[in-house]
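Colleague: Could you walk me through this model, starting with its pocket? I would like the cut-offs as we go.

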Amino acid sequence: MHWLVLIISGVLEAVWATALATSDRFRRPRPTVLFAVALAASMGGLAFAMTGLPTGTSYAVWVGIGAVCTVLLAAARGRERLDARRAALLLLLIGSVVGLKVVS
């Protein structure tokens with residue numbers, strides 16, 4: 001259960017980061033509300049996951065999932081380019097997250 005919540009929290013990190021980027025310094029209400037809700041849920045999920053998983057592992061997995069999902073969201077929205085080198089590095093990051101799960 002802790003791992004599932006941690007993964008969902010990592011995805012929510014990408015949601016709040018993307019909403020923050022589109023909030024126009026908190027001037028746009030929808031992205032601002034989405035940012036606040038996703039941030040609270042993401043942090044709450046991370047806090048819960050840390051009750052059953054090591055802190056370092058939890059944080060590394062949370063950040064890794066959030067980073068990968070944020071880049072993929074930006075690429076899907078046409079805000080960032082995703083070439084083969086960047087994709088390979090993202091796969092390496094995903095492999096690292098999976099590796100942390102395997103060894104913990």
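Modeller: Happy to. The model is predicted, so local features need pLDDT of at least 70 and side-chain atom pairs count only at pLDDT 80 or more, while totals for chains, interfaces and linings use all residues. Residues are numbered from 1 along each chain as its sequence is written, and side-chain values use heavy atoms, with hydrogens and water left out.

Colleague: Which element gives the largest share of the lining of the largest pocket?
Modeller: Trp3, Ile7, Val61, Gly64, Ile65, Val68, Cys69, Ile94, Val97, Val98 and Lys101 form the lining. Two or more of the lining residues come from each of helix 1, helix 3 and helix 4. A pocket here is an open set of points on a 1 Å grid over the protein atoms alone, where a 1.4 Å probe fits, with protein on both sides within 12 Å along at least five of seven lines; lining residues have an atom within 4 Å of a point. The largest share, 5 residues, is from helix 3.

Colleague: How much space lies in the largest pocket?
Modeller: Rolling a probe the size of a water molecule over the atoms shows where empty space is left. Grid points are joined across faces, edges and corners, and the volume is the space filled by probe spheres set on the points. For the largest pocket that comes to about 160 Å³.

Colleague: How far apart are the end C-alpha atoms of helix 3?
Modeller: Helices are DSSP runs (H or I, at least four residues) numbered from the N terminus, and helix 3 covers residues 55–76. The expected span is 1.5 Å times one less than the number of residues, so the 22 residues of helix 3 should span 32 Å. The model agrees, with the end C-alpha atoms 31 Å apart.

Colleague: Is Thr57 buried or exposed?
Modeller: Thr57 lies in helix 3 and, leaving aside neighbours within four places in sequence, is in contact (heavy atoms within 4.5 Å) with Trp3, Leu100 and Ser104. The cut-offs are under 20% relative accessible area for buried, over 50% for exposed and in between for partly exposed, with a 1.4 Å probe and protein chains only. Because its relative accessibility is 15%, Thr57 counts as buried.

Colleague: Which elements do the buried residues of helix 3 pack against?
Modeller: The buried residues of helix 3 include Ser58, Val61, Trp62 and Gly64. Leu6 touches Ser58, Val61 and Trp62, among others. As a group, the buried residues of helix 3 pack against helix 1, helix 2 and helix 4.

Colleague: How many residues has the largest nonpolar core?
Modeller: A nonpolar core joins buried Ala, Val, Leu, Ile, Met, Phe, Trp, Tyr and Cys residues through side-chain atoms within 4.5 Å. Trp3, Leu6, Trp16, Leu53, Val61 and Trp62 have the most contacts inside the largest one, which has 13 residues.

Colleague: What is the relative accessibility of Ser42?
Modeller: Ser42 is placed in helix 2. Not counting residues up to four places away in sequence, Ser42 touches Ser9, Leu12, Glu13, Trp16 and Trp62. Ser42 counts as buried because its relative accessibility is 0%.

Colleague: And what is the relative accessible area of Phe26?
Modeller: Phe26 sits in the loop between helix 1 and helix 2. Beyond four places in sequence, Phe26 touches Leu20, Thr32 and Phe35. Phe26 is partly exposed, since its relative accessible area is 46%.
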